[in-house]
Amino acid sequence: MLTAETVKRDLCDIRYYYSRKAELDATEKVLGPLAVRRTAAKYNCAVKGAPLRLYDLYASLYVAGTTQEAVALELGYTPQYIRKLIAGLVAYFQKNIE
């Protein structure tokens, strides 16, 4: 089972990858495949079975790169509730990724 720290580190890498996807994909043609692509694919596959709020949170924060504060405003949640959802997302990935 993945540790919470591993999931958090992977999510940070996924967020960074999607924020610079075009540039990294172009560089990948020269340097070879990025390991983060496999990591992102693994998390993307796992999140498909997540509760809708966690799926939306993952898509907003890690794929689209929206800030926690912006997501809270958009969804009408408090920043504290967003942090609670993030903890739930981490726990979900811990249980659903091998």
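**Exercise 1.** Is cysteine 12 buried or exposed?

*Solution.* A word on the basis first: this is a predicted model, where local features need pLDDT of at least 70, side-chain atom pairs count only at pLDDT 80 or more, and totals for chains, interfaces and linings use all residues. Residues are numbered from 1 along each chain as its sequence is written, and side-chain values use heavy atoms, leaving out hydrogens and water.
Now the cut-offs: buried means under 20% relative accessible area, exposed over 50%, and partly exposed in between (1.4 Å probe, protein chains only). Cysteine 12 has a relative accessible area of 53%, so cysteine 12 is exposed. Cysteine 45, at 51%, is exposed too.

**Exercise 2.** How many disulfides does the structure hold?

*Solution.* Look for a pair of cysteine sulfur atoms within 2.5 Å. The count of disulfides is zero.

**Exercise 3.** At what angle do helix 1 and helix 2 pack?

*Solution.* Start with the elements: helices are DSSP runs (H or I, at least four residues), numbered from the N terminus. Axes are lines fitted to C-alpha atoms over the stretch in contact, with angles from 0 to 180 degrees between N-to-C directions. Helix 1 (residues 4–19) and helix 2 (residues 21–31) pack at about 85°, and their axes are 5 Å apart. Helix 1 is therefore roughly perpendicular to helix 2 (65 to 115 degrees). Next, the contact (heavy atoms within 4.5 Å): helix 1 brings Tyr16, Tyr17, Tyr18 and Ser19, while helix 2 brings Lys21, Leu24 and Asp25.

Conventions
Helix = DSSP H or I, 4+ residues; strand = E, 2+ residues; numbered from the N terminus. Parallel < 35°, antiparallel > 145°, perpendicular 65-115°, else oblique.
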